[in-house]
Protein chains: 2
Amino acid sequence: MADSRFLRACRRERTDTTPVWLMRQAGRYLPEYRAIRARASLLDICNRAELAAEVTLQPVRRLGVDAAIIFADILLPVVSMGIRLEFAAGEGPVIRDPVRTSEAVARLRRPETEEIAPAIYNAIRLVRRELGGKVPVIGFAGAPFTVASYLIEGGSSRHYLETKRFMFSEPRAWDALMDTLADVTTRYLRAQVAAGAQTVQLFDSWAGALSPLDYQERVLPWVKRIVTRLRPLGVPVILFGTGTAGFLQVLAASGADVISVDWRVRLADAWAAIGPERAIQGNLDPAVLFAPRREIARQVRTILEQAGGRPGHIFNLGHGVLPETPAENVCYLVDLVHELGAASTAAGNEEQAAVDGITGER
Amino acid sequence: MADSRFLRACRRERTDTTPVWLMRQAGRYLPEYRAIRARASLLDICNRAELAAEVTLQPVRRLGVDAAIIFADILLPVVSMGIRLEFAAGEGPVIRDPVRTSEAVARLRRPETEEIAPAIYNAIRLVRRELGGKVPVIGFAGAPFTVASYLIEGGSSRHYLETKRFMFSEPRAWDALMDTLADVTTRYLRAQVAAGAQTVQLFDSWAGALSPLDYQERVLPWVKRIVTRLRPLGVPVILFGTGTAGFLQVLAASGADVISVDWRVRLADAWAAIGPERAIQGNLDPAVLFAPRREIARQVRTILEQAGGRPGHIFNLGHGVLPETPAENVCYLVDLVHELGAASTAAGNEEQAAVDGITGER
């Protein structure tokens, strides 16, 4: 299993082809997922291990992706922190009592590990058993800034105005909030690894709302703390954000093993920014999956060319699969990456071998 | 007037201090603007030259900014192309019959110059007269991609899915749409310059929704065409976008004199990417205007430090002033830029003089 294509790529080791998985690979674009959602809410699925395990496995069966990401929502842990979380139809998450004062921050609970999202731990165990070593399991959590943005805004946001106002105006309360979220997130991810997750991804999805300086000063220390505390577990950590083209070096400074980038930057430029010591994940625009196949192929080829077959590229989208995506195009994408990636990594491996020969490394 | 601080900076000439103006400096955050909006709709103001001129002048009087940007909406020209445009309360622009087929593209009118938005031309004349040379007037238009995104989506969008689907699936119709929009935009901006605009800004606000490659291949040629055709008029062209940290070099290839960047990139990194042959505009996060003054000052100082007092920096926000912004903080910002910019440009001018002495340039 440590020899799986995906885990090898996380460690920047050579692979037979480019590994690929997709954010939100379990989701509404799949008829088998919609069938389950017809009888269970999002929170129902997250709270029932067998359902969460089932939807986690659906895309592995249909797509042949190289990793299974456990089905969950990044806001699950906040329920155990005393927050009332709802999912309004078509609206996304809703938090009726947003956290906007230092008092509200102080009131947040620091749950014990077993309280955070126990069904998810069980789902990971079920998925591991069911997969029988076929592909690794990715655990995940929201990163402190992104989770904080939901807590403060009370839901999705366009300008993150309340979040930023709070961050700028109440620096101590902000730090206390980040501190709490970093600790809960660390516990949650440790427990996921204990349950069997072989990689974890931190979703700092809305990182790109901030300036590089604000991220560096007010967010990065907490991401770094989480990464550092997970380090002894020996599982790769992936750090994901969107709109981060301008501060990839800051993200790389988190110490994460893999940086996941969106389509708003050339993969080659992004890899140059994060440096050769990190693996990279990305970066197809999810909207390309609505395009004709010749266009999908063209864009996949461009990304693979930019990766140059160098060990350490994990193919993914730049953000999640969109709900209306044609499922057959998603299948096509995964097959195509495997097919084109084989030639690309073979060339890259040869080049790497030549470099290794010169430098005497590896 | 050609010697104004703002126009000199557009040409990368030395100035006494850093020029500053703000996108949406005329807007809801100003009580005097709200007083006019209480009796006139957005389209009323745009269609009545004296009202448009009045709201254009309001921020010049209150803030002491270094340029007046004519009050208008980037979608005004589409009305003359046969599109029914409405502004629903709180919803932004609404286009009931979105343009999603090649037939719909073919039906778009190519209006004569005088049909496009005649009140805006008159408003520019009024503003020029009223200002009496105090500060220059900036004309503007939406860039083809951003206007196309509204036409295709039917309004604002999150994922620009219909726009991208159209772009990927109907490349000929897409080119025809870009061609039409580029021509109408060129006519519109030429007429604004004829009426007295001393600079024009192209708002490609949603450019950052695209990958660098898609922008380069499917959008840049049309932006370039507009810039090239405006070149003989001798006025500086500013190209603005958000989320463009990953493709600033592509934007610079448009030939625009000034590239306007948002806060998602360090100004110093952005300037390095666009090169020393272009001026740069930006890049404070509009949300910082909700912060305590010590924080505003800290962020302004950081941006000025990154600009290093080099000729060619125009201070601005990374996007428009948000409606709920405290007006007194906006005044504070403008004064602060002028105050701190004086020291900064003095140092930068000295450095530049030393460089010029060595290279014998200028």
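**Entry 1. Conventions.** I noted that the model is predicted, that local features need pLDDT of at least 70 and side-chain atom pairs count only at pLDDT 80 or more, while totals for chains, interfaces and linings use all residues. Residues are numbered from 1 along each chain as its sequence is written, and chains are lettered from A and ligands numbered from 1 in the order in which they are written.

**Entry 2. Relation of the chains.** I looked up how chain A is placed on chain B.

**Entry 3. The interface.** I then looked up the contacts between the chains. On the side of chain A, 27 residues are in contact with 28 residues of chain B; contact requires C-beta atoms, placed from the backbone, to lie within 7 Å. Helices H10 (161–169), H12 (212–218) and H16 (293–307) of chain A each give two or more residues to this side. Helices (H or I, at least four residues) and strands (E, at least two) are DSSP runs, numbered from the N terminus. H10(A) supplies the largest share, five residues. By class I recorded 13 nonpolar, seven polar and seven charged residues on the side of chain A. Ala, Val, Leu, Ile, Met, Phe, Trp, Tyr, Cys and Pro count as nonpolar, Asp, Glu, Lys and Arg as charged, and the others, Gly among them, as polar. The copies meet through the same surface, because 100% of the interface residues of chain A are also interface residues in chain B.

**Entry 4. H9 and H10 of chain A.** How are these two helices oriented to each other? H9(A) (residues 144–153) and H10(A) pack at an angle of about 105°, with axes 8 Å apart. Axes are lines fitted to C-alpha atoms, for helices over the stretch in contact, and angles run from 0 to 180 degrees between N-to-C directions. The pair is therefore roughly perpendicular; that term covers 65 to 115 degrees, whereas under 35 is roughly parallel, over 145 roughly antiparallel and the rest oblique. A:Ala148, A:Ser149, A:Ile152 and A:Glu153 of H9(A) meet A:Glu162, A:Thr163 and A:Phe166 of H10(A). I also looked at A:Tyr160, which lies in the loop between H9 and H10 of chain A. A:Tyr160 is not a glycine, yet has a positive phi of about 55°.

**Entry 5. H8 and H11.** In chain A, the axes of H8 (residues 118–131) and H11 (residues 171–195) come within 8 Å and cross at roughly 25°. That makes H8(A) roughly parallel to H11(A). I noted A:Ile120, A:Tyr121, A:Ile124 and A:Arg125 in H8(A) against A:Ala191, A:Gln192 and A:Ala195 in H11(A). This contact has five nonpolar, one polar and one charged residues.

**Entry 6. Cis peptide bonds.** Which residues does a cis peptide bond join in chain A? I found A:Gly282 and A:Asn283, with omega about 0°; A:Asn283 is in strand E8 (residues 279–284) of chain A. In chain B, the bond from B:Gly282 to B:Asn283 is cis, with omega near -10°.

Terms used
Two residues are in contact if their C-beta atoms, placed from the backbone, lie within 7 Å.
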